[in-house]
Amino acid sequence: MASKRIYQLAKEFERDEKEIIAFLTSQGIKVSNKLSAVNEDTYNLLKAKYTAPPEPEPEPEPEPAPAEPVANGEQESAPVKKKKKKKNKNPQLDGEEQPDTANQTAAIGQPQPTGKKEKELDAAQLVNLEAIKAGNAFIEDYNIGRHSKRSKKRYAPHLYKGIDTWDLLQSSTYEFADTSPVRYYKAANKMATKGLQLIQAYGSTHKEKLAALRNVVSPLGAEYVYDETFTGEENLTFEMQQKFLYKLFDHGMEQVNDRLFDLKKYCERNKVRFERIDFVEYLEGGEDAFETQVRVPFNVLVENIAYSMRGIVRHLEFYLNHKKFVVTVVKEFFEWREGYKTLKQQGADAAKLEKYLELEQKLVDLFEFVSFDNLLYLSKNPRILFNEVLEFLKAYRDDIDNPDAERNFKYKILVTTFAAQKPKEFIFLKRFGELDKQKDYRPLEEIAAEEEAARAESKAATEAAKAAKAAKAAAESTEEKNPADNDET
């Protein structure tokens with residue numbers, strides 16, 4: 001059934017709008033004005049209320065007839081009491097005039113019942129009315145019990161790394177958020193407010209730990225100052241890398257707070273805007289372009305809020321489990337940038353500078369891989385993969401002038417792939433070292449020694465074959481010189 005509004009129901013049931021609103025409010029159903037829509041259950045409740053046969057009014061008792069004057073000398077007889085007629089509880093059983101149910105049944109598109117069917121219809125309407133009242137009473141009692149102080153204390157959400165949509169919705173009351181723009185933006189405003197409250201509570205609880213993390217990553221969050229030693233493209237590269245690392249390892253409370261606050265203000269403005277629209281014209285005018293372009297499903301919006309809030313906890317937990325790693329990230333990033341600046345000031349050639357920048361980008365890729373977004377986050381002791389690869393990369397940087405430096409670096413990465421315990425580590429190392437399975441990355445000395453050993457072995461085998469062949473030839477020649485001896489034998 002399409003939802004109907006109060007003013008439409010008032011016309012249908014020929015009742016005053018205020019009367020309908022007062023009745024629904026007494027039944028625990030929230031309606032604000034005549035434009036409020038009702039669902040099918042509420043419609044059935046009103047239908048049963050205003051189309052049910054009215055209860056007959058009790059018949060007034062007949063007044064006693066005035067006593068007639070008696071003749072003189074006669075005694076006045078006592079008034080005779082009339083017996084009250086016992087009123088039947090079921091008005092249908094009396095012979096009195098019954099309410100007209102023809103209009104009632106015609107209003108709901110049913111044939112006019114007669115006799116037994118009429119009684120069954122009235123009984124069904126009464127049962128339906130009682131069921132609706134019982135359902136409303138149950139919902140009201142459930143809501144009161146769920147949102148009591150004790151229940152709120154039990155279900156009060158808190159910010160943790162697994163917070164989801166349910167955690168935000170279970171402690172907030174909203175009704176049919178997607179049914180109208182006003183309700184949507186009102187509910188979204190509540191969710192943003194709830195998120196801000198949870199973040200503030202989490203920040204107060206972990207104040208010292210968050211301050212320690214903020215101090216470590218604060219150099220990455222500082223405003224980048226363009227260096228005249230670098231070109232415009234190089235400055236832009238270093239600035240983007242610095243912002244990326246800050247976003248990767250900072251707790252992000254300020255950013256999430258700002259986004260939620262902006263969302264809250266946005267929802268407040270749109271709620272006021274839609275409240276001023278003529279809703280009758282709005283609903284009859286078809287789909288609204290603004291509504292379809294701006295609004296997303298309410299649950300999707302809440303999930304996005306929960307996702308942003310989860311990042312705060314995950315950043316902090318990663319820092320607490322890997323403090324040395326986070327400190328190393330900040331230290332190595334600025335040291336590598338200063339090393340590049342020194343090379344430029346010393347007048348290094350373009351090929352060397354280009355290779356240095358490639359290694360610097362590999363450093364950032366390594367930081368990203370060992371961050372909390374990867375499988376290593378699940379382990380509190382993420383092996384020594386990061387330290388090993390970082391040392392290989394630094395050795396390559398320090399020996400960048402050596403033509404065999406790249407070969408040696410790739411060989412070390414290749415050996416490390418055999419120790420990878422997870423498929424994701426193995427794939428990362430193969431891409432990180434840019435390894436080609438068709439090439440041999442072993443040191444040249446090792447390859448030369450192996451080739452020399454192979455040549456010596458081949459030479460020894462050749463000499464042994466020659467010796468065997470010579471011995472065989474000598475034996476054959478001896479047999480030819482002494483044929484008699486062979487005959488005797």
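Which backbone nitrogen does the side chain of His251 reach? Keep that in mind as you click through this predicted model.

**Stop 1: His251.** Select His251, in the loop between H10 and helix H11 (253-275). Show its side chain and look toward Met253: the His251 side chain reaches the backbone nitrogen of Met253 at 3.0 Å. His251 has a relative accessible area of 4%, so it counts as buried, the cut-off being under 20%.

**Stop 2: H10 against H16.** Next, select helix H10 (residues 232-249) together with helix H16 (residues 350-369). Their axes come within 11 Å and cross at roughly 15°, so H10 and H16 are roughly parallel to each other. The crossing is left-handed. For the contact itself, show Glu234, Phe238, Gln241, Phe244, Leu245, Leu248 and Phe249 on H10, then Leu357, Glu360, Gln361, Val364, Phe367 and Glu368 on H16. Color them by type and you'll get 8 nonpolar, 2 polar and 3 charged residues.

**Stop 3: H16 against H19.** Pick out Lys362, Asp365, Leu366 and Phe369 on H16, and Lys424, Glu425, Phe428 and Phe432 on H19, to see who makes the contact. With the coloring by type still on, this contact splits into 4 nonpolar and 4 charged residues, with no polar ones.

Conventions. Residues are numbered from 1 along each chain as its sequence is written. This is a predicted model: local features need pLDDT of at least 70, side-chain atom pairs count only at pLDDT 80 or more; totals for chains, interfaces and linings use all residues. Side-chain values use heavy atoms; hydrogens and water are left out. Axes are lines fitted to C-alpha atoms, for helices over the stretch in contact, and angles run from 0 to 180 degrees between N-to-C directions. Helices (H or I, at least four residues) and strands (E, at least two) are DSSP runs, numbered from the N terminus. Angles under 35 degrees count as roughly parallel, over 145 as roughly antiparallel, 65 to 115 as roughly perpendicular and the rest as oblique. A crossing is left-handed if the near helix is turned anticlockwise from the far one by less than a right angle, and right-handed if clockwise. Contact means heavy atoms within 4.5 Å. Ala, Val, Leu, Ile, Met, Phe, Trp, Tyr, Cys and Pro count as nonpolar, Asp, Glu, Lys and Arg as charged, and the others, Gly among them, as polar. Buried means under 20% relative accessible area, exposed over 50%, partly exposed in between (1.4 Å probe, protein chains only). A polar contact is a pair of N or O atoms within 3.5 Å; within protein, one must be able to donate a hydrogen and the other to accept it, and residues adjacent in sequence count only if both atoms are side-chain atoms.
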